[in-house]
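Please keep the sequence and the model in view while reading.

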Amino acid sequence: MLRQTPVFILQNKNRYSIIVPTYNERLNIALLVFLVFKHIPDVDFEIIIVDDGSPDGTQDIVKQLQQVYGDDRILLRARPKKLGLGTAYIHGLKHASGNFVVIMDADLSHHPKYLPHFIKKQVETGADIVTGTRYVTGGGVHGWTLMRKLTSRGANVLAHTLLWPGVSDLTGSFRLYKKSALEDIISSCVSKGYVFQMEMIVRASRKGYHIEEVPITFVDRVYGSSKLGGSEIVEYLKGLVYLLFTT
Amino acid sequence: MKHIAKIMAFFMAVTAVWISLLQTAMISQSHTWLLPLYFIVSLGCYGLLMVGVGLMQFPTCPQEAVLLQQDVIEAKQFLKHNGVDVGTD
């Protein structure tokens with residue numbers, strides 16, 4: 001079968017650093033790397049795996065992957081223990097040689113088949129940031145209970161009413177950034193967890209960065225561990241109030 | 001300007017309009033006093049409506065789970081063939 005490489009890839013002189021924080025993702029990281037190479041074979045990229053000392057041997061698998069794909073394409077930049085998502089990105093950024101940075105989750109809820117869509121959108125619009133959204137036509141979610149959808153929708157409406165963020169998916173973490181933009185924004189963010197993702201995109205919006213969205217599908221395979229108890233809701237509300245007053 | 005400042009400015013403007021309505025009595029006083037209540041109730045209804053509509057239109061993608069399973073099988077085959085340990089989960 002003759003595969004036509006699209007123009008936005010053929011003429012693309014950019015280098016993309018894909019930062020993937022991992023903790024106990026021994027199998028998923030191998031699957032992810034395979035899928036990335038499958039979907040953007042003609043793109044200049046590197047995958048930076050920031051592993052927080054996984055006890056399940058994730059780092060051994062990464063070394064095996066380096067044997068297959070090359071240690072110039074797969075970088076292991078580990079840390080001794082779980083130190084948080086924000087600092088994982090900062091750590092990965094230090095080793096990123098690309099002029100663009102992609103952040104994505106290791107558990108395959110973010111599918112690498114959307115990487116060409118992100119790249120194409122950025123090339124076409126010149127955007128500083130392209131963020132994946134699950135909440136528009138063409139996007140979607142699988143594996144969420146009705147309760148989970150309800151809280152997600154409620155949280156979204158509340159955040160939009162209070163913050164006017166300019167994007168449809170505030171807590172999503174599948175994004176493409178110009179490296180300079182990411183470095184600028186991340187230095188002013190202090191939150192943790194998914195509030196961190198919200199803070200990143202709201203601060204970017206306030207600073208006037210050009211943000212575009214692409215629809216993505218999100219398959220939640222970690223059934224039951226979508227933790228949304230009372231404390232998560234409180235953390236979310238505190239995060240909203242914090243963003244309301246500081247952005 | 002911080003976002004909260006924009007919101008406060010908006011509320012000040014609305015409050016100023018409300019007070020001037022009270023003083024000039026263009027609308028009957030009893031109605032004017034109830035306007036803030038109407039506003040809050042409307043806002044609440046609007047919010048509930050957006051949540052309900054959003055919930056009904058929530059995009060789902062069950063076919064993606066199937067496609068993902070196929071991808072996983074293909075990936076495992078390739079990786080096993082190339083010496084990467086995909087045996088344990």
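A salt bridge is taken here as a side-chain nitrogen of Lys or Arg within 4 Å of a carboxyl oxygen of Asp or Glu. By that rule Glu74(B) forms a salt bridge with Lys38(A), their closest N and O atoms being 3.0 Å apart. Glu74(B) lies in helix α3 of chain B and Lys38(A) in helix α2 of chain A, so this pair joins two chains; helices (H or I, at least four residues) and strands (E, at least two) are DSSP runs numbered from the N terminus.

The model is a predicted one, in which local features need pLDDT of at least 70 and side-chain atom pairs count only at pLDDT 80 or more, whereas totals for chains, interfaces and linings use all residues. Residues are numbered from 1 along each chain as its sequence is written, chains are lettered from A and ligands numbered from 1 in the order in which they are written, and side-chain values use heavy atoms, with hydrogens and water left out.

Lys38(A) also meets the side chain of Asp71(B) in a salt bridge (3.9 Å, N to O). As to accessibility, buried means under 20% relative accessible area, exposed over 50%, and partly exposed in between (1.4 Å probe, protein chains only). Lys38(A) is partly exposed at 35%, and Glu74(B) is partly exposed at 31%, while Asp71(B), at 11%, is buried. Between chain A and chain B the count is four salt bridges.

The wider interface can now be considered. Contact (heavy atoms within 4.5 Å) involves 43 residues of chain A and 32 residues of chain B. The two chains bury about 3400 Å² between them, 72% of it on carbon and sulfur atoms; buried area is the accessible area (1.4 Å probe) that two parts lose on being put together, summed over both. Leu27(A), Phe34(A) and Arg153(A) supply 18% of the area that chain A buries against chain B, more than any other three residues.

Over all chains, the structure holds 14 salt bridges. One of them lies within chain A, where Glu199(A) pairs with Arg203(A), the closest N and O atoms being 3.0 Å apart. Because these residues are four apart in helix α8 (residues 193-206) of chain A, about one helical turn separates them. Glu199(A) is buried at 0% relative accessible area, and Arg203(A) is buried at 13%. Elsewhere, salt bridges that share partners join Arg15(A), Asp44(A) and Glu46(A) into one network.
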